[in-house]
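Okay, thanks for coming, everyone.

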Amino acid sequence: MLNEDFLLKSRISKELYHQVACKLPIVDYHNHLNPEAMASNKKFRNITELWIYDDQYKHRLMRIHGVEEQFITGNAPDYEKFLAWMKIFPKTIGNPLYHWSQIEIKYIFGSQINLFEDEPLAIWEACNKQLGEQGLGVIDILKKWNTEILSTSDDLLDDLQNHKAITDKKEDGISVFPSLRSDSVIAFQAPGFLKWLGRLEELTGTTVHNLSDYEEAIKLRLNYFQDAGCALSDHALDSSFTYKLPSRSEAIAIFKKRLNEEYLNERELTALKSYVFKFLGVEYGKRKLVMQLHIGAQRVTSSRLKAIASKFGGFATIGDTLNIQSLCEFLDDLECEQALPSTILYTLNAADNDRVATLTGSFTEEGVSGKIQFGPAWWFNDHYDGIVKQITAISSFGQLDTFIGMTSDSRSFLSLSRHYYFRRILCHLLGEWVEKGLLSDNFEILAALVTKVCYANAKHLIIAAN
């Protein structure tokens, strides 16, 4: 079913995709890919290691079907894990994995492999023949995706040498930059925070006696990230996000209590997080770093699955709608200090689509296009309907011309398939609007729009910060 015109129904949609969209390089500005694997051009032992190990979307559906954990993240042989997934794959009708899995295999291993008609053993052997010690490595796979720029997700304490090693290797034509995942910076409630803080002191050669020391140590690491080409930061604002800014004297006192391992109540935690969160936002604005806010995940669900598969096991769910007042107060505080960075807002709760889309016009800056972005359909929303709803919302309430397109948001090197899935949907939707008489049938204008949304806007976002 995955022929060259998959999802493309009209003449103009086919022209836009085949002549423009599919030829554009990938700029993936938010993912969780492993920089070390890229720097070493890691080879994969077999298709299971590449296709299943790091794909929590697949793990989630396997669990829903009752597959034993040993065949998901456990110690079962890789071939048995492969067979377990192949039994589930035909049952994923209606789920984006039904499409993604086909794109992943077709684009990387060739259209001669048919996931529906070929025997699992034949698929296993055909894919493995292209992998192994002498076969496709990570860089080879990225080239097959036509990858130009990747921005990984990295903790403030991470070593960034691998990013530089990949980017400096000009012959591969791939640039890999870090983005700062700042959750640990304000995770004052975490049992391991003081241990994390001790490592921050080691890396920066500082001793943190107070809040001012903490801020200076963070600035030193921000310098390190920028030297490695960092253009973006990222925060997870879960369902409980609340912004209540305290005075500096109160924040200093609360931070001192945390250093002394004294108990902080919810009010104090919210106050300290809000203060340091604003400090980070101001720093991003000063440094021209783009701020990403991933809003609305309910990550605390099954403690049993968390113990088995860690917090990244794919078992989170959609949380409450966002606290729009807190978000606006936070952005307004930054703007009042003339330090509001360019910002990408992602929502996991699709009920917030219209609110986030309208918010793109609430904070603007002269001379800056798309200051506040409604980010792409994220996580549980990156299916066909979710992508259409997101594009429709940003078109209806914002400006599609400034939209920065899709990300993979994944740990799997095969998940760059989502860019091509998104591009097909975008071209289909534009073609549908033309057929309905909502757009003029002007190929040059629509081709320019597709180029900006699928490539140019995202590239400018990263290059502008470097």
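So, to start with a question: which strands does helix α15 lie across? Helix α15, residues 324-336, lies across β5 and β8, and the angle it makes with β5 is about 170 degrees. Before I go on, please keep in mind that this is a predicted model.

Let's look at the sheet itself. We have an open sheet of seven strands, and the order is β1-β2-β3-β4-β5-β8-β9, with parallel pairing. At the edges stand β1 and β9, the latter being 372-374, and each has a single partner strand, so one side of each is left without a neighbour in the sheet. From one strand to the next, the twist averages 25 degrees.

Now some of the pairings, beginning at the β1 end. Strand β1, residues 26-28, pairs with β2 in the parallel sense, over three bridges. If you want a landmark there, V27 stands opposite I149 in β2. On to the next pair: β2 and strand β3, residues 175-181, are parallel too, over seven bridges. Here S153 has S179 in β3 as its bridge partner. And how covered is β2? Strand β2 runs over residues 147-155, and eight of its nine residues are buried.

Over at the other end, strand β8, residues 343-347, pairs with β9 in the parallel sense over three bridges. The landmark in this case is T343, whose bridge partner in β9 is I372.

N146 is found in the loop between α8, 138-144, and β2. Buried or exposed, or something in between, for N146? N146 has a relative accessible area of 30%, so we call it partly exposed. Leaving aside neighbours within four places in sequence, N146 is in contact with K23, L24, P25, I26 and Y420. Compare it with V27, too: N146 and V27 are 119 residues apart in sequence, but C-alpha to C-alpha they are 9.3 Å apart in space.

On the α11 side, the contact includes L211, Y214, I218 and L222; on the α13 side, you'll find Y275, V276, F279 and L280 among the residues involved. By class, that contact has nine nonpolar, two polar and four charged residues.

The other helix pair I picked is α5, residues 78-88, with α7, residues 120-130. The axes are 10 Å apart and the packing angle is about 125 degrees, so α5 and α7 are oblique to each other. This crossing is right-handed as well. Which residues meet here? From α5 we have D78, Y79, F82, L83 and M86, and they meet P120, L121, I123 and W124 in α7. Counting by class gives eight nonpolar, no polar and one charged residues.

Last stop, the buried part of α5. The buried residues are D78, K81, F82, A84, W85, M86 and I88. They pack against α3 (47-51), α4 (56-64), α6 (96-109) and α7.

That's my tour.

Terms used: Residues are numbered from 1 along each chain as its sequence is written. This is a predicted model: local features need pLDDT of at least 70, side-chain atom pairs count only at pLDDT 80 or more; totals for chains, interfaces and linings use all residues. Side-chain values use heavy atoms; hydrogens and water are left out. Axes are lines fitted to C-alpha atoms, for helices over the stretch in contact, and angles run from 0 to 180 degrees between N-to-C directions. Helices (H or I, at least four residues) and strands (E, at least two) are DSSP runs, numbered from the N terminus. Angles under 35 degrees count as roughly parallel, over 145 as roughly antiparallel, 65 to 115 as roughly perpendicular and the rest as oblique. A crossing is left-handed if the near helix is turned anticlockwise from the far one by less than a right angle, and right-handed if clockwise. Contact means heavy atoms within 4.5 Å. Ala, Val, Leu, Ile, Met, Phe, Trp, Tyr, Cys and Pro count as nonpolar, Asp, Glu, Lys and Arg as charged, and the others, Gly among them, as polar. Buried means under 20% relative accessible area, exposed over 50%, partly exposed in between (1.4 Å probe, protein chains only). Two strands pair if DSSP finds at least two bridges between them.
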